2 protein chains.
Amino acid sequence: MTKRLLRALSGEAVWPPPVWLMRQAGRYLPEYRAVRAQAGDFISLCTTPPLAAEVTLQPLRRYGMDAAILFSDILMLPWALGQGLRFSEGEGPVLPPIRTAEGLKALDRNRLPDAIAPILETVRRVRAEVGDATLIGFAGAPFTVACYMVEGHGAKEFAAVRTLAYRDPELFGALIDLLTETTITYLAAQIEAGAETVMLFDSWAGVLPPSLFRAYVIAPAIRITAELRLRYPHVPVIGFPRMGGLLIGEYATQTGVQGLGLDTTVDPDLAAALVPLHVALQGNLDPLALDAGGKPMLDGAHTILNAMRGRPFIFNLGHGIIPSTSPEHVAELIRTVHAA
Amino acid sequence: MTKRLLRALSGEAVWPPPVWLMRQAGRYLPEYRAVRAQAGDFISLCTTPPLAAEVTLQPLRRYGMDAAILFSDILMLPWALGQGLRFSEGEGPVLPPIRTAEGLKALDRNRLPDAIAPILETVRRVRAEVGDATLIGFAGAPFTVACYMVEGHGAKEFAAVRTLAYRDPELFGALIDLLTETTITYLAAQIEAGAETVMLFDSWAGVLPPSLFRAYVIAPAIRITAELRLRYPHVPVIGFPRMGGLLIGEYATQTGVQGLGLDTTVDPDLAAALVPLHVALQGNLDPLALDAGGKPMLDGAHTILNAMRGRPFIFNLGHGIIPSTSPEHVAELIRTVHAA
């Protein structure tokens with residue numbers, strides 16, 4: 001019997017809808033914090049298969065979600081290509097910024113297979129234990145990964161990356177091409193290792209004006225989805241152009257994704273009207289409503305469920321769980337969705 | 001003869017379109033930096049009428065824009081209500097955060113008339129010198145002002161303010177009500193002093209899920225616009241729900257604004273299709289395209305001009321000018337728009 005989440009991604013209006021939550025393996029869980037402390041730094045956790053597999057599976061044991069998402073980070077790709085990466089406490093990821101042809105040239109695709117080997121081992125281990133749940137692989141979308149690679153850290157507007165795109169479209173295009181090709185390699189390897197669907201996180205798509213959105217968000221997603229479709233016709237792709245605003249309809253229809261992640265700001269009724277019925281929608285409760293719990297959480301969940309009933313849909317948040325979230329709120333939310 | 005910008009706001013497809021730029025009085029101009037150095041701190045500049053009027057008029061002298069916008073800051077309202085405010089170099093605004101009923105109660109509406117007196121004097125001075133250009137008054141929209149008042153500083157997501165909205169809707173609603181009422185008072189006073197149109201900046205509208213967007217962005221804009229309309233039927237209101245995404249159509253049709261500011265991410269063709277023809281659109285070149293200059297700037301400008309020809313439109317940026325912008329790029333942009 002096909003798994004519930006995969007049925008939704010094949011266009012079936014599964015009800016009650018399958019549910020998982022972005023960052024469901026994370027700091028809000030005491031059992032996660034225990035493993036995290038054991039691992040030392042964050043990159044070690046991502047590259048130590050028994051530990052990464054353990055934290056991937058923790059939320060499923062506790063809550064019985066319909067999917068596990070590989071525990072990793074969107075910046076493991078530039079890390080695997082040889083760009084230095086560290087996660088500093090409170091400050092987030094820090095990388096030596098790439099803004100020249102020399103910087104781009106220093107990235108080494110040949111490092112990729114060895115570097116991602118432990119991540120693929122995690123995928124294999126999780127797949128062996130995931131049972132009826134679906135294992136989701138993922139990567140950052142090229143534009144969002146480029147944001148961090150060019151800026152060197154998180155930012156509000158990612159001005160440096162847009163400036164590079166305007167001033168040196170050739171260099172920026174070459175970076176996006178490299179990331180598009182290596183993302184295909186990386187996601188294909190995750191599928192070979194056992195990922196049953198893959199998600200493309202374009203967390204910063206929303207900082208782009210429409211011309212750049214089409215060039216650097218939609219076009220790479222078309223290439224990635226088409227290539228994966230060709231090689232793995234039965235593995236659906238979920239796209240998540242966060243803060244894509246008015247352009248999410250265009251993204252949904254043009255990229256060929258089977259699922260579209262909706263961020264917190266998207267009105268579910270408008271999205272349901274805008275996105276063709278064969279594309280499953282996924283989202284989009286405000287993580288701060290989950291953190292608040294009670295009425296804001298339940299009202300928010302019911303509004304979404306009411307809008308999505310009768311179409312292929314996967315319940316999720318509109319952004320990742322925040323660390324202060326009570327594990328009890330998560331339990332109540334999952335129960336609510338499964339009782340819909 | 002009615003001024004060009006006011007004709008556009010009355011629904012006329014003025015061509016070439018009127019143009020002004022958000023933050024056109026600012027650090028990219030050497031003459032601004034000279035006055036800024038003379039003023040000392042930023043709040044002193046905002047509250048010293050000869051200096052504030054001077055920087056308001058500088059870009060018009062240099063470039064001949066179709067509008068001057070009062071030089072001030074959206075946080076002058078909480079400042080006028082007695083919330084402490086300082087601008088720290090590089091860090092932006094800092095306020096003692098308000099998150100309790102006591103904090104809210106400490107705000108004092110009676111301070112408003114005296115506190116805003118120098119700002120109104122600036123309006124009068126500018127109006128006397130503005131000639132054929134239109135003088136735009138402005139305020140922060142209640143939600144965006146509340147963001148800073150509750151968070152205490154700028155932020156990426158303004159989590160504290162959404163958390164307050166979820167956990168204590170009564171307190172947050174009381175803050176929004178207070179801001180809505182005092183914003184009406186403040187904008188009415190600017191109109192009495194000579195502002196010919198007013199703009200409501202909701203810079204952080206885009207962090208809200210739809211239910212909160214309707215409650216705290218659209219509903220206050222309805223109240224403000226209706227009240228001003230009643231008192232000053234000939235003074236148009238421009239709303240700017242930045243990053244409003246899919247909800248800008250609803251904002252445009254429900255709030256009663258005569259103009260709608262489009263942020264950088266909005267596709268001008270989609271906006272033109274979504275917003276009724278009687279609402280003037282305003283925007284939305286990427287400030288980073290202006291900073292880059294040359295082809296990205298000109299291509300971006302022409303795309304917008306082509307989409308907007310034949311409808312009421314005001315050329316602008318999608319966000320404020322950034323300090324590194326070359327004054328020559330601004331000159332070329334204004335020439336380009338006036339030659340459209």
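Two strands count as paired if DSSP finds at least two bridges between them. Strands (E, at least two residues) and helices (H or I, at least four) are DSSP runs, numbered from the N terminus. The model is predicted: local features need pLDDT of at least 70, side-chain atom pairs count only at pLDDT 80 or more, and totals for chains, interfaces and linings use all residues. Residues are numbered from 1 along each chain as its sequence is written, with chains lettered from A and ligands numbered from 1 in the order in which they are written.

Start with chain B. Seven strands form an open sheet in the order β1-β4-β5-β6-β7-β8-β9, with parallel pairing. From one strand to the next, the twist averages 25° (axes are lines fitted to C-alpha atoms; angles run from 0 to 180 degrees between N-to-C directions).

Now look inside the sheet. In chain B, β7 (residues 259-261) and β8 (residues 280-285) pair in the parallel sense over three bridges. Leu260(B) has Leu281(B) in β8(B) as its bridge partner.

The contact takes 28 residues from chain A and 28 residues from chain B (C-beta atoms, placed from the backbone, within 7 Å). On the chain A side, α9(A) gives the most, with five residues.

Conventions
Two residues are in contact if their C-beta atoms, placed from the backbone, lie within 7 Å.
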